[in-house]
Amino acid sequence: MAAAPVRLWVKTEPFLVGALPAPPPARLSPHYLRKMAAYARGRAAEGCFPRLWWPRWRHIACGKLQLGRGLAWLYFELFHSLLRRDPPRRLEWAEAEAACASADELERERSKLSVDTLQFLLFLYIQQVNKVSLRASLIGEEWPSPRTKSPSLTGKSASENKNWNDQDHRAFVQSHLSDMLELLLEPEPLTASSHSTHSSLVSYEAVCALSFLIEGTVNKSRTVHPLHELALWQPCHGQNGYSKVSKAFSFPKLESWLRSCLTTNPFGMTACLKSGKKLAWAQQVEGTTRRAKIACNTCVVPEVFPMVIMSQVYKQTLAKSSDTLVGAHVRIHRCNESFIYLLSPLRSVTIEKCRNSTFILGPVQASVHVHSCDNIKVIVVCHRLCLSSTAGCTFYILTPTQPLILSGNQAVSFAPFHTHYPMLEDHMAQVGLATLPNYWDSPMLVCKESSDTSVFRLLPPSDFYTFVIPFEMEGDTTETPGGLPHTYQKALSQREQKVQIWQKTVKEAGLTKDQRKQFQMLVENKFYEWLVQTGNRQQLDSLVPPAVGSKQAAG
């Protein structure tokens with residue numbers, strides 16, 4: 001019998017936004033997850049199955065898996081926010097969390113949250129995608145070094161970002177499909193060794209859970225369907241072993257069908273780079289052979305977030321507020337000595353192997369991951385910030401979750417979000433981000449160096465200056481959302497007072513017309529020297545591209 005014309009692929013979103021970009025704790029191995037699955041099913045009446053409530057997960061994570069409470073909440077909240085995309089509900093949760101006056105009140109609010117148990121087990125399982133393989137490191141495929149210097153802009157990447165690479169996602173699912181299906185089985189069909197037999201049946205609920213990772217189309221249609229809908233399609237029953245009597249699937253037939261139908265994700269990074277639309281957002285800089293490359297998906301459907309990839313933007317200012325960016329996963333790669341403004345509501349942002357650059361981002365609904373970057377500044381309102389292998393970077397942030405410091409970071413500085421543009425508050429509402437709670441100053445160390453708080457500091461108020469976004473746009477936001485912490489506002493006020501005293505001193509000095517002219521030239525020369533020494537001259541020059549006015553950001 002010919003195979004049904006179904007194409008399946010592994011979804012990018014769970015790996016890109018859901019997989020923590022760090023090796024998982026040893027107790028999240030498949031062996032312990034199978035034990036957790038049996039434990040949860042056996043305690044359905046206690047709030048473990050079919051939905052797992054926060055207090056029960058906290059008990060399993062802390063009591064059984066030996067995870068810290070902070071890490072337990074991190075995984076639970078990461079999965080919960082991955083599926084909770086509705087902005088009004090996100091804002092309601094932010095309001096409830098911000099209203100908590102004590103840790104006990106916060107815990108009571110968290111106790112109202114639950115997740116689908118089977119999907120959560122799969123979510124925990126795919127954390128293995130970033131597990132360091134000792135065998136692979138010995139034969140040179142990867143090297144578990146916590147900190148590798150960023151190679152040159154013209155060099156090739158030594159290790160690919162697995163959270164972005166859809167080929168890695170597909171290979172991971174193909175390699176671990178049996179394990180993942182076993183994780184979803186009822187306890188009875190498992191043998192004493194906790195492995196499936198050929199007579200095992202996979203429930204419809206288990207296939208629904210697998211839709212968290214897999215989706216597809218029929219007959220090359222552009223309509224995307226979740227896996228469970230395609231699995232129930234009549235022409236597929238012969239291949240996937242679905243029985244209308246038992247309302248379940250044959251384990252070996254289902255596994256074989258999934259393997260035969262899995263193909264490359266048509267909306268993934270590979271397709272974007274191979275056949276995506278090239279965007280002429282960046283200019284070619286004179287005197288350099290480096291050419292900026294920017295691409296986005298061509299085939300975008302409502303069910304899938306768009307993707308924008310930019311690489312090798314060099315010594316220039318790039319500013320965009322575009323429909324192409326709205327809700328997009330953005331990857332910024334190997335950019336150097338540049339200022340990049342992406343002033344639209346975004347889904348996620350990855351910044352990797354960039355140097356000496358400033359990134360001003362619109363509100364990010366999911367996560368901003370910064371990896372292997374040197375001396376960059378990131379200014380953003382985001383749901384989550386993750387850092388790995390960075391050196392000398394500063395983050396001006398507003399975030400409702402603790403910034404995650406993963407392994408290999410040096411000299412990280414955190415500061416409060418300190419800018420605005422006219423559409424900022426509208427964009428924050430679109431992605432469900434509020435001004436409170438704000439944990440910009442409470443990072444969480446999730447690494448071997450977790451006891452070494454010297455890897456980060458809070459930026460001293462004396463080094464703090466507000467940032468002005470130099471573009472005209474329509475909108476109502478006229479100040480930094482949420483304002484500034486008192487100590488930073490005080491430092492700005494004192495500096496402003498000094499400027500007023502200086503202006504008053506100059507005014508009362510009684511200079512002649514020639515003296516005023518000479519004094520003005522002296523001040524201008526000193527200011528010009530400062531612009532050159534600090535690199536701000538390049539920033540000002542790059543703000544005036546040929547034949548484009550200051551409204552370029554709105555284009």
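Among the elements around the largest cavity, β15 (348–352) gives the most to the lining, with three residues. Helices (H or I, at least four residues) and strands (E, at least two) are DSSP runs, numbered from the N terminus. A cavity, on a 1 Å grid over the protein atoms alone, is a set of points where a 1.4 Å probe fits but cannot get out, and lining residues have an atom within 4 Å of a point. This is a predicted model, in which local features need pLDDT of at least 70 and side-chain atom pairs count only at pLDDT 80 or more, while totals for chains, interfaces and linings use all residues. Residues are numbered from 1 along each chain as its sequence is written, and side-chain values use heavy atoms, with hydrogens and water left out.

Let's stay with this largest cavity. Its lining counts 14 residues, and L16, P21, N163, S367 and H369 lie nearest the centre. Besides β15, at least two lining residues each come from α1 (13–18), β17 (364–371) and β18 (377–388).

The lining of the second largest cavity includes V17, L78, R90, S367 and H383. Here α4 (69–83), β17 and β18 are the elements that give two or more residues.

Finally, have a look at a sheet. Three strands form an open sheet in the order β1-β5-β6, with antiparallel pairing; two strands pair if DSSP finds at least two bridges between them. β1 (6–10) and β6 (225–226) are the edge strands, each pairing on one side only. Five bridges join β1 to β5 (residues 214–218) in the antiparallel sense, and L8 stands opposite G216 in β5.

Methods:
On a 1 Å grid over the protein atoms alone, a cavity is a set of points where a 1.4 Å probe fits but cannot get out, and a pocket is an open set with protein on both sides within 12 Å along at least five of seven lines; lining residues have an atom within 4 Å of a point.
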